[in-house]
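Here's a quick tour for anyone opening this structure for the first time. Have a look at it first, then read on.

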Amino acid sequence: MNWHARYAQQANWTRELRKYIFQQIGLRTTDRILEVGCGTGAILSEIQTQALHGLDILPASLMEARIHAPTASLACADALSLPYADHSFDITLCHYLLLWVSNPQRVLVEMKRITRPGGYVLALAEPDYSARADKPAELAVLGRWQTESLQRQGANPSLGGRLAELFYQAGIEIIETGAIESQGNDAPTANEWELEWVVLENDLAEFVPLEEIQRLKKLDEEARERGERVLHVPTYFVWGRV
């Protein structure tokens with residue numbers, strides 16, 4: 001599994017949103033920015049600032065991040081206990097992270113703590129698989145199985161629907177929240193479709209027979225060729241002020 005390719009695909013889904021929010025904030029090259037859960041640096045590589053920081057719990061991901069975001073200062077640590085002093089950053093953000101942590105509200109409280117008064121906390125994308133839509137109906141089982149797989153991996157696949165509530169409970173003033181309208185709406189390229197199936201196969205391999213996975217992949221391909229395939233996972237963002 002090429003995780004950087006996956007993270008780059010997800011970064012593409014939120015590129016216009018990030019551009020919009022940074023314009024609203026008035027992003028400066030001197031702003032101190034931290035991405036919590038930076039992975040392999042897909043988001044960091046697109047942020048233009050002289051004081052860029054990234055944190056992740058996986059050393060292997062950080063090794064790749066050093067390649068893709070060579071100017072960033074990187075730290076290996078747990079998002080539940082961020083190793084920074086209070087008010088260290090102007091902007092603190094995360095991207096497809098909170099569904100994976102055991103206590104997402106604590107992570108937001110930590111992000112608030114290390115952000116200066118008047119600074120910003122951004123959760124750029126959190127999905128809600130409980131509202132996933134799949135058509136034709138015979139492919140709906142994919143959504144149920146992927147949700148089950150995420151739960152088996154320790155994720156909360158419906159967290160996106162609670163994102164604004166978590167910001168409120170963390171004491172962060174919400175400026176704007178909503179669904180990412182463009183995520184997944186455009187017809188995927190052949191490479192994007194193959195990458196989606198690599199993720200699916202990786203998620204389902206432990207409890208779905210390979211023959212069944214391949215059968216559904218073929219049905220998916222045929223539905224796309226007929227223009228009948230619909231796959232939509234509502235994905236939410238929130239940005240707020242400390």
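A residue is called buried when its relative accessible area is under 20% and exposed when that area is over 50%, with partly exposed in between. Cys-94, with a relative accessible area of 0%, is therefore buried. Keep in mind that this is a predicted model.

- Helix α3 runs over residues 59-68, and its buried residues are Ser-61, Leu-62 and Ala-65.
- Those three sit on the same side of α3, because they cover an arc of only 95° around the axis.
- That spacing makes sense in general: an α-helix has 3.6 residues a turn, so residues three or four places apart point the same way.
- Turn to the other side of α3 and you'll find exposed residues, namely Pro-59, Ala-60, Met-63 and Ile-67.
- What lies over the buried residues of α3? The cover includes β2 (51-56) and β3 (73-76).

**Salt bridges**

- Side chains of opposite charge can pair when their charged atoms come close.
- How many salt bridges are there? The count comes to 18.
- One of the pairs is Arg-116 with Asp-90, whose side chains meet at 2.5 Å, N to O.
- Arg-116 belongs to strand β5 (residues 115-127) and Asp-90 to strand β4 (residues 89-94), so this pair ties together parts that are 26 residues apart in sequence.
- Arg-116 is partly exposed at 28% relative accessibility, whereas Asp-90 is buried at 12%.
- Another salt bridge joins the side chains of Arg-162 and Glu-165, with 3.7 Å from N to O.
- Arg-162 is partly exposed, with a relative accessible area of 33%, and Glu-165 is partly exposed too, at 38%.
- Glu-201 and Lys-217 also meet through their side chains in a salt bridge, at 3.7 Å, N to O.
- Since Glu-201 lies in helix α7 (residues 190-204) and Lys-217 in helix α8 (residues 210-225), the pair ties together parts that are 16 residues apart in sequence.
- Buried or partly exposed? Glu-201 counts as partly exposed at 22% relative accessibility, while Lys-217 counts as buried at 16%.
- Salt bridges can also link up into a network, as they do for Arg-132, Asp-134, Asp-220, Arg-224 and Arg-229.

**Cysteines**

- A disulfide is a covalent bond between the sulfur atoms of two cysteines.
- How many disulfides does the whole structure hold? A search finds zero.
- Take Cys-38, which is in no disulfide: its nearest cysteine sulfur belongs to Cys-76 and is 9.5 Å away. For a disulfide, the two sulfur atoms would have to be within 2.5 Å.
- Cys-38 is buried, at 4% relative accessibility.
- Cys-94 is in no disulfide either, and the nearest cysteine sulfur to it, that of Cys-38, is 12 Å away.

**Gln-10**

- Where is Gln-10? You'll find Gln-10 in helix α1 (residues 3-13).
- Gln-10 counts as buried, with 11% relative accessibility.
- Apart from residues up to four places away in sequence, Gln-10 touches His-95 and Tyr-96.

- Tyr-84 is part of the loop between β3 and β4.
- With a relative accessible area of 17%, Tyr-84 is buried.
- Which residues is Tyr-84 in contact with, leaving aside neighbours within four places in sequence? They are Leu-34, Gly-54, Leu-55, Ala-75, Phe-89, Arg-113 and Ile-114.
- Tyr-84 and Thr-115 are 31 residues apart in sequence, and their C-alpha atoms are 9.7 Å apart in space.

- Met-1, Trp-3 and Val-198 make a nonpolar surface patch of about 250 Å².
- Met-1 comes from the segment before α1.
- At a relative accessible area of 38%, Met-1 is partly exposed.

Notes:
Residues numbered from 1 in each chain as written. Predicted model: local features only at pLDDT ≥ 70, side-chain atom pairs only at ≥ 80, totals over all residues. Heavy atoms only, no water. Buried < 20%, exposed > 50% of the residue type's maximum accessible area, 1.4 Å probe, protein only. Helix = DSSP H or I, 4+ residues; strand = E, 2+ residues; numbered from the N terminus. Arc of directions from axis to C-beta. Contact = heavy atoms within 4.5 Å. Salt bridge = Lys/Arg side-chain N within 4 Å of Asp/Glu carboxyl O. Patch = residues over 30% accessible without salt bridge, like charges linked within 9 Å, V, L, I, M, F, W, Y side chains within 5 Å. Areas by Shrake-Rupley, 256 points an atom, 1.4 Å probe, with all protein chains shown as cover.
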